[in-house]
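Look at the model below and follow the chain with your eye.

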Amino acid sequence: MKVGWVRGGEGRSLRRLGVALPLALVVALLSAQGVRGQARVPHPALTGRLLPAAEDPVRVVVIDPGHGGFDPGSPGAGGVMEKDVALAVGLALAQALEGVPDLEVHLTRDRDVAIPIWERGDMATRLKGERPGILLSIHANALDDAFTRGVETYFLSEARTEHERRVAALENAPPAGGGDGGATTTDDPGLAFILNELRNLDHIHWSADLAQIVQESLAAVHPGRDRGVKQAPLAVITNALMPSVLVEVGFVSHPDEARMLMDPEFHAAAAEALAEAVVEFFERYPPGATSGEVSGAGPAR
């Protein structure tokens, strides 16, 4: 199978994927913060070929379309809702990854249902199991002004700017439609505690690298501004024990961008770019590599 680069129309064959990631944070640490569990939600139609356990090179990709159900996310111009954009791009990404060798793909939701934000990372961790994997949480941004547009990718860390704090507050907020599942504030002691523990692990470093790859690939096919890689204490990816990023694929508050975000052609282009980023990430980080090693930089341990 080939995942074509939308920019320029060229394509390249996908090589065998390989990576091993550390599994260093004790589950009890997260349980102490009140993270609730949720039954595994497999998606057989989106599950790739599983190879024998004795020679198991399977990599897991968990796609998390943000919001859903009674939680619409950010409302946008022309009635566009963040939850619909996230689901459309998430489904297109699952389709773009279908058939990639040694890749198993899951969606946290494949329809318009609500899943509390604290349960999404926990679900991704259990779907990944003992295998290497990544989490991509898909979202769309919004501002009070109607002029800002573009794409940005977040990894888990402290917010450094007012914009990062605003996005964290927006994404961590309880659903506007009622229900629970939100983080109380971006200064939540639970978030701060887990962040402190994660600093000594590879997860944040790998997530930062994944965010850079995702941002570069998606920005190359996005007509808006490349707003770069950012960081924030985002609840939806906090308790995922794997490299994890949150992708803001555009601004629903920008009238033109809101229309684009509901266009199937954009969904396909964004999905192909994200699929290429997934493959590049796994190609760059071979089994046993640490966060500072890339393919060709040294022997895998």
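S3 covers residues 59-65 and S4 residues 103-107; the two run parallel and are joined by 5 bridges. Strands count as paired if DSSP finds at least two bridges between them. Between S3 and S4 the chain passes through helix H2 (residues 82-97), in a right-handed β-α-β crossover. Right-handed means that, with the strands pointing away from the viewer, the path from the first strand over the helix to the second runs clockwise. Helices (H or I, at least four residues) and strands (E, at least two) are DSSP runs, numbered from the N terminus.

The model is predicted: local features need pLDDT of at least 70, side-chain atom pairs count only at pLDDT 80 or more, and totals for chains, interfaces and linings use all residues. Residues are numbered from 1 along each chain as its sequence is written, and side-chain values use heavy atoms, with hydrogens and water left out.

S3 also pairs with strand S5, in the parallel sense, over 6 bridges. Here valine 60 has glycine 133 as its bridge partner in S5. In a regular strand the side chains alternate between the two faces of the sheet. In S3, Arg59, Val61, Ile63 and Pro65 lie on one side and Val60, Val62 and Asp64 on the other, and all are buried. Buried means under 20% relative accessible area, with a 1.4 Å probe and protein chains only. Since 7 of the 7 residues of S3 are buried, the strand is largely enclosed by the rest of the structure.

S5 (residues 133-141) contains asparagine 141. Why does asparagine 141 count as buried? Because its relative accessibility is 0%. Residues that asparagine 141 touches include Glu152, His163 and Arg166. Contact means heavy atoms within 4.5 Å.

Next comes the nonpolar packing. A nonpolar core is a set of buried Ala, Val, Leu, Ile, Met, Phe, Trp, Tyr and Cys residues joined through side-chain atoms within 4.5 Å. The largest such core has 48 residues, and Ile63, Leu97, Leu218 and Val249 have the most contacts inside it. Helix H9 gives the most to this core, with 10 residues.

H9 (residues 264-284) has 21 residues, of which 15 are buried. From first C-alpha to last, H9 reaches 30 Å, close to the 30 Å expected at 1.5 Å a residue. That expected span is 1.5 Å times one less than the number of residues.

Notes
Buried means under 20% relative accessible area, exposed over 50%, partly exposed in between (1.4 Å probe, protein chains only). Lists of a residue's contacts leave out its neighbours within four places in sequence.
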